[in-house]
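Visitor: I am new to this structure. Could you show it to me and take a few questions?

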Amino acid sequence: MSKHKIEWTNKTWNPIVGCTKLRKGCKNCYAERMAKRLMHMGQMAYDAAIGDDGRWMGTVYLREDQLCKPKFWKKGCKIFVCSMSDLFHEKLAAVARDRIFAAMLSAPQHTYQIVTKRYKEAAGYTEHLMEVYKAAGHCGRKAIRDSVNIHWLFSASDQSEVNEACENLMYLQVATSGLYLEPLLGPVVLPGHVPLDWVIVGGESGPGARPMNPQWVLALRDQCQDYHIPFFFKQWGAWEEATMAAAAAHGYIVREMRQGVIMPANPNRYKYLNLDGSDYQNSPQIGATPMARVGKKKAGRILDGRTWEEYPTETTSV
Ligand code: SF4
């Protein structure tokens, strides 16, 4: 897979296949659904990754045929590495991971974007990475740092995962790092003591998508502005806030009452979302946000009247 319509990158590169669900954000894994589809379309690379039940089998392996791709893309671009897996999955052979990093080193015209939910493993690997690059003939820490441009993004969905991610981000031996908060499933306060170069936020789409409260996104945008962190808003996902204007634009009907907006009684399409992310059905809270499932396309990616597409300042380092 090469060209891909993902808002914050130019291409995807998938030199490995397979994964295992680990965190809350993995519940409705897009890569698992896509791998199942590709397998049914006859792509044999996915045969050993997806079981008869259509789920990840827990095997993770290198795709030799994909390894050299970045070298053949002559024009420098942003490449999302392993959009269909997790480069720091424990089942991936260490030598395979080294070869993937060596492939990045051999095509330094690109910016590589690595998104991982395995924070500790990624942080531990960066020290080892120095040795890999030295072995490839790039001696000395500065020479290694100047050799390839990688953005390290730790993927988290709520405050506890952000805390864990940031604890590990602090020890990352790299220059450009940040948080990838998609699907965002709860309010997040950014730890002020952790230097972040980028924050990406997005809601969930596809079957079983969970709603994202607009207040969480606005609060993150504000924190990023306060800390001067580039902020990228990717998408609302399948759900939007059910305001009178949104309902009129997208063909559903809500009623405005003194206590807020009243929506149709269809829990699959309309629900209230507590500000703290807890289940409204079990513990209704005052100020819960009415949400309507309208699909990713209609929900769009406008936040507070505009799109947000800030990127980290360009650096040339690992
Ligand atoms: S880490 Fe990514 S690819 Fe792996 S199961 Fe979770 S969401 Fe899917």
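Visitor: Which residue stands opposite Glu241 in β14?

Guide: First, a word on the source. This is a predicted model, where local features need pLDDT of at least 70, side-chain atom pairs count only at pLDDT 80 or more, and totals for chains, interfaces and linings use all residues. Residues are numbered from 1 along each chain as its sequence is written. Strands here are DSSP E runs of at least two residues and helices are H or I runs of at least four, numbered from the N terminus. The residue opposite Glu241 in β14 is Met291.

Visitor: In what order do the 3 strands of the open sheet lie?

Guide: Two strands pair if DSSP finds at least two bridges between them. β10 and β14 (residues 289–293) are joined by 3 bridges and run antiparallel. The edge strands, pairing on one side only, are β10 (239–241) and β13 (270–273). The order is β10-β14-β13.

Visitor: What span should helix α7 have at 1.5 Å a residue?

Guide: Helix α7 covers residues 214–227, which is 14 residues. The expected span is 1.5 Å times one less than the number of residues.

Visitor: Which residues of α7 are exposed on the face turned away from its buried side?

Guide: A residue is buried if 20 or more other C-beta atoms, placed from the backbone, lie within 10 Å of its own; it is exposed if 12 or fewer do, and partly exposed in between. The buried residues of α7 are Trp216, Val217, Leu220 and Cys224. They cover an arc of only 95 degrees around the axis, so they sit on the same side of α7; the arc is that of the directions from the helix axis to the C-beta atoms. The face turned away carries the exposed Leu218, Asp222, Gln225 and Asp226.

Visitor: Is His228 buried or exposed?

Guide: His228 is in the loop between α7 and β9 (231–235). It has a positive phi of about 60 degrees although it is not a glycine. Within 10 Å, His228 has 7 other C-beta atoms, so it counts as exposed.
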